[in-house]
Amino acid sequence: DRRARRAPAAFLTVQEGCDKFCAFCVVPYTRGAEVSRPSARILAEARALVERGVAEITLLGQNVNAYRDADGQTLAGLVRRLAEIPGLLRLRYTTSHPNDMADDLIAAHAEVPALMPYLHLPVQSGSDRILKAMNRRHTAAHYLGLVERIRAARPDIALSGDFIVGFPGETEADFQDTLALVEAVGYAAAYTFAYSPRPGTPAADRADLAPEVKTDRLLRLQALIDRQQSAFQASMVGRTLPILVEKLGREPGQVAGKSPYLNAVHLDGGPELIGRVVTAKITAARRNSLSARAA
Ligand code: SF4
């Protein structure tokens, strides 16, 4: 039944494929060139989702911020149109490439209240030498400048990233540059990987680092990210936040939802709260979730 109720948070694919050809990645080969779906169709699908109870939509694309449909609609324009749909309370998008973080999209973070203050913006490395070897086509300074501009637009925005350590040719000095970049940004969360070659990609033919070197760097980076993630979680305690309740919690009499910053939050309540935004005070923080009580 097309009209059956949906969970309050949904994903909507707006873009597929990638033209970036990062040296480690199979996506441009397996998923093909960037294709953006027509914005009129996306808007119609979003309205249909909202009619079925969806209050939050995450726009998905391999390179989502490169979105541009045949009529020239950009991701920022699409976000602004989506934000006009009554009942669509929250918008997010993922995954973004630093080089496609256009000024109009940064401005949308300042001007569109429905656009949530959380951005996944992978950088992969903090070393310009390695970024070049990865064919990322930007420098660490460019990324840090971008973060500064995004935070100027939306000072409370939470950032997450992706990192690959042990890329072919990475020295200890290159790795230190990555740690320095992570220190400079201060992430709410990040996904860290030890490099492993993907057949058919340019980097697969390059000399691989010793596994113990990669593991050692991965553990050191993860320790730093864990500290930042814990600090981010702890910084929420005492704050009063709007929580979109998504489902029943694990304990009886409890529900679970998300803060604007994508923290998982548990609070007391029943199924009638599902799909509603509850104002709640954060009372405790754990590594992966927060506790709250209705304020
Ligand atoms: S890592 Fe992302 S931007 Fe780079 S080629 Fe893969 S999908 Fe494209």
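**Second largest pocket**

I sorted the lining of the second largest pocket by class and got 10 nonpolar, 7 polar and 3 charged residues. My classes: Ala, Val, Leu, Ile, Met, Phe, Trp, Tyr, Cys and Pro are nonpolar, Asp, Glu, Lys and Arg are charged, and the others, Gly among them, are polar. The model is a predicted one, so local features need pLDDT of at least 70, side-chain atom pairs count only at pLDDT 80 or more, and totals for chains, interfaces and linings use all residues. Numbering runs from 1 along each chain as its sequence is written, and side-chain values use heavy atoms, with hydrogens and water left out.

I then looked up the volume: the second largest pocket holds about 350 Å³ of space. Its lining has 20 residues, and A188, A189, Y191, Q229 and N288 are the closest to the centre. Two or more lining residues come from each of β8 and α8 (211-235). The most come from α8, which gives 6 residues. Domain 2 (117-235) and domain 3 (240-294) each contribute at least three residues to this lining. The domain bounds come from an automatic or database domain assignment.

Lining residues have an atom within 4 Å of a point. Points are joined across faces, edges and corners, and the volume is the space filled by probe spheres set on them. Helices (H or I, at least four residues) and strands (E, at least two) are DSSP runs, numbered from the N terminus.

**Largest pocket**

I moved on to the largest pocket, with a volume of about 700 Å³. It is lined by 25 residues; F24, C25, V27, Q124 and D162 lie nearest its centre. By class I found 13 nonpolar, 8 polar and 4 charged. At least two lining residues come from each of α1 (27-30), β7 (158-165) and β8 (189-194). Domain 1 (1-114) and domain 2 (117-235) each supply at least three.

**Salt bridges**

I searched the whole structure and found 18 salt bridges (a side-chain nitrogen of Lys or Arg within 4 Å of a carboxyl oxygen of Asp or Glu).

I checked E16 and R31 and found their side chains in a salt bridge, 3.3 Å from N to O. E16 sits in strand β2 (residues 15-16) and R31 in the loop between α1 and β3 (35-36), 15 residues apart. E16 is partly exposed at 40% relative accessibility, and R31 is partly exposed at 45%. My cut-offs for relative accessible area are under 20% for buried, over 50% for exposed and in between for partly exposed (1.4 Å probe, protein chains only).

Next I took R90 and E56, whose side chains meet at 3.8 Å, N to O. R90 is in strand β5 and E56 in strand β4 (residues 56-60), 34 residues apart. Both R90 and E56 are buried.

D208 and K214 form a salt bridge at 2.9 Å, N to O. D208 is partly exposed at 39%, whereas K214 is buried at 8%. I also noted one network of salt bridges with shared partners, joining E170, E172, D216, R217 and R220.

**S96**

S96 is buried, with a relative accessible area of 3%. Leaving out residues up to four places away in sequence, S96 touches V64, N65, L119, H120, L121 and P122. Contact here means heavy atoms within 4.5 Å.

Methods: 1 Å grid on protein atoms, 1.4 Å probe; cavity = no way out; pocket = protein on both sides within 12 Å on 5 of 7 lines; lining within 4 Å.
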